[in-house]
Amino acid sequence: MKISNKRIVSLFLSLVLILGIVLTPMGSKAFAEESKVKKLTIVHVNDVHGRIKEGDYDGMGFSRLQTKVKELREQNPNLILLNAGDTIHGLPIVTVSRGEAMIKLMNEMNFDAMVPGNHDFNYGYDRLVELKDIAEFPMIGANIVKEDGTKDFKDYIVKEVDGLKVGIFGLATPETKYKANPKNTEGINFLDPVETAKNMVEKLQDEKIDVIIALTHIGMADDTDPTTIDIANKVEGIDLIVDGHSHTVLPEGKLVKDTLIVQTGEYTKNIGIVNIEVVDDKITKKEAKLFTKEEGMKLKEDEEIKKAIDKLEEENKVVTDVVIGKTKVNLDGERGNVRTKETNLGNLLTDSILDLTKADAVIINGGDIRKSIDVGEITKEDILTMLPFGSYGVVLELKGIDILNALENGVSAYPETSGGFPQVAGMTFKMDPSKEAGNRIHDLKIQGKPVDLNKKYKLATNDFLAAGGDKYESLKNGVLVGEYEALEEILMDYIEKLGEVDIKTEGRI
């Protein structure tokens, strides 16, 4: 039987087609397995400052944060939840328990790691270590070292997610030495963040880590050195920096070389979400976005977290609902005002300290005041919210030149806002912002008389400034001659004594 060439070609093509059908799926499957895309989601918050509830000037709160996290976990179970610090202090709902309430809430929400911010040291170092032990998640800080060389905080953690090894190391700001009460970090050193980051990256690369994350409370403010931008420029190998401290809003993150830096702003006004894709052990995609409060308020509150917060509020009411007096005027504690000019609330606070201590003059940093008080009844909660740091009153004996230098430091950043801007009593002064910092103060009077630079005065302040906080170095020259109760107690006693507050600004500054 003779077979035509045409039929032979047809049979050959059929055989090729059959083989293709049989073999192609096997090859494609093998290739797909070899090059599987692994997806990682990082959810992050920073600078919460105790704002676990939604508020007019605050963010969406923790109950809606939890709802969003659960929603994202359903979309991708490979999720890591991070906190970049300044969390366990700020409002009475967490300060009454000295931070424990916040830690227990974070335990319920299954946070994966946190780095301590400068304000997380406000209860003192020993208390922070106690809270670290209560936490069911690691607090990490590779550059936090005791003077004897030992460490209470882990350098880093490694999480295995979908076959990926994710290394997360912590960096706390060295500014904690003066942007928290210096006494709270006595015996504690903060190693150079850049050099520490280099060491951490080297260690993690030795462990064959797939994704390296720096969880930092460093920030990118102009007066910070180094910033996270500096770290990204000087340290190769960091894939992602989850940052805090400067309250910066980065809607899509900031790419510096190969490092993506993310930060959400403050108070859960935004939730940060980073999506990372890895193929064949290489990161092929890094994408950052913010989930805003406006979007968050459309979510239902997580019932379990809402109940936990409601329980905290109920427990605190015994303390916070007590009425201590009234005010006929709005008491101005707005951040932009107390950090740039005299306000009537600044005057009320410093007057209360002057009344108790009988000092010659008072200086308090505007950054100690965190809230205005509306016309009407004044409760303990109002005062605890306004003065959340637990600072206490001290009296120093020191020379007029030291007071002058203290004021020069306080106004050095003007017209920029500065937590060190002075609110005063018992003195008046003028400043000339056109002159260079350090030479701006003139016509300083104490108790109505021109200052005598060599005379010794009694100056009342808080323990934070007395220890050199906010760079008030000249106050460290003073001799401690008196210690008093917490500023909130001093102010509450003074308001109870007045009964009704009616105070204005007087041209002290």
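In this predicted model, strand β20 (residues 441-446) pairs with β21 in the antiparallel sense, over 2 bridges. Across this pairing, Ile446 stands opposite Lys449 in β21. The two strands belong to an open sheet of 3 strands, ordered β19-β20-β21. Pairing in the sheet is antiparallel. Its edges are formed by β19 (427-431) and β21 (449-450), each of which pairs on one side only. Helix α14 (residues 400-410) lies across β19 and β20. The helix runs at about 130° to β20.

Helix α12 spans residues 344-357. Just after α12, Lys358 adopts a positive phi of about 60°.

Aromatic contacts were then examined. The whole structure holds 4 aromatic pairs. In one of them, the ring centres of Phe121 and Phe190 are 5.7 Å apart. Their planes meet at 70°, over the 60 degrees required, so the pair is edge-to-face. Phe121 lies in the loop between β3 (113-114) and α5 (125-134), whereas Phe190 lies in strand β7 (residues 188-190). The pair therefore ties together parts that are 69 residues apart in sequence. Phe121 and Phe190 are buried.

Another pair joins Tyr125 and Phe153, with ring centres 6.2 Å apart. Here too the planes lie at 70°, so the arrangement is edge-to-face. Tyr125 sits in helix α5, and Phe153 in the loop between β4 (144-146) and β5 (156-161). This pair links distant parts of the chain, 28 residues apart. Both Tyr125 and Phe153 are buried. Ring pairs connect Phe121, Tyr125, Phe153 and Phe190 into a cluster.

Charged side chains also lie over aromatic rings. Arg51 is placed over the face of Tyr267, at 4.1 Å from the ring centre. Lys68 lies over the face of Phe291, at 4.2 Å from the ring centre.

Definitions and conventions: Residues are numbered from 1 along each chain as its sequence is written. This is a predicted model: local features need pLDDT of at least 70, side-chain atom pairs count only at pLDDT 80 or more; totals for chains, interfaces and linings use all residues. Side-chain values use heavy atoms; hydrogens and water are left out. Two strands pair if DSSP finds at least two bridges between them. Helices (H or I, at least four residues) and strands (E, at least two) are DSSP runs, numbered from the N terminus. Contact means heavy atoms within 4.5 Å. Axes are lines fitted to C-alpha atoms, for helices over the stretch in contact, and angles run from 0 to 180 degrees between N-to-C directions. The expected span of a helix is 1.5 Å times one less than its number of residues. Rings of Phe, Tyr and Trp (its six-membered ring) pair if their centres lie within 6.5 Å; planes under 30 degrees apart count as stacked, over 60 as edge-to-face and the rest as tilted. Buried means under 20% relative accessible area, exposed over 50%, partly exposed in between (1.4 Å probe, protein chains only). A charge sits over a ring if NZ of Lys or CZ of Arg is within 6 Å of the ring centre and within 35 degrees of the ring normal.
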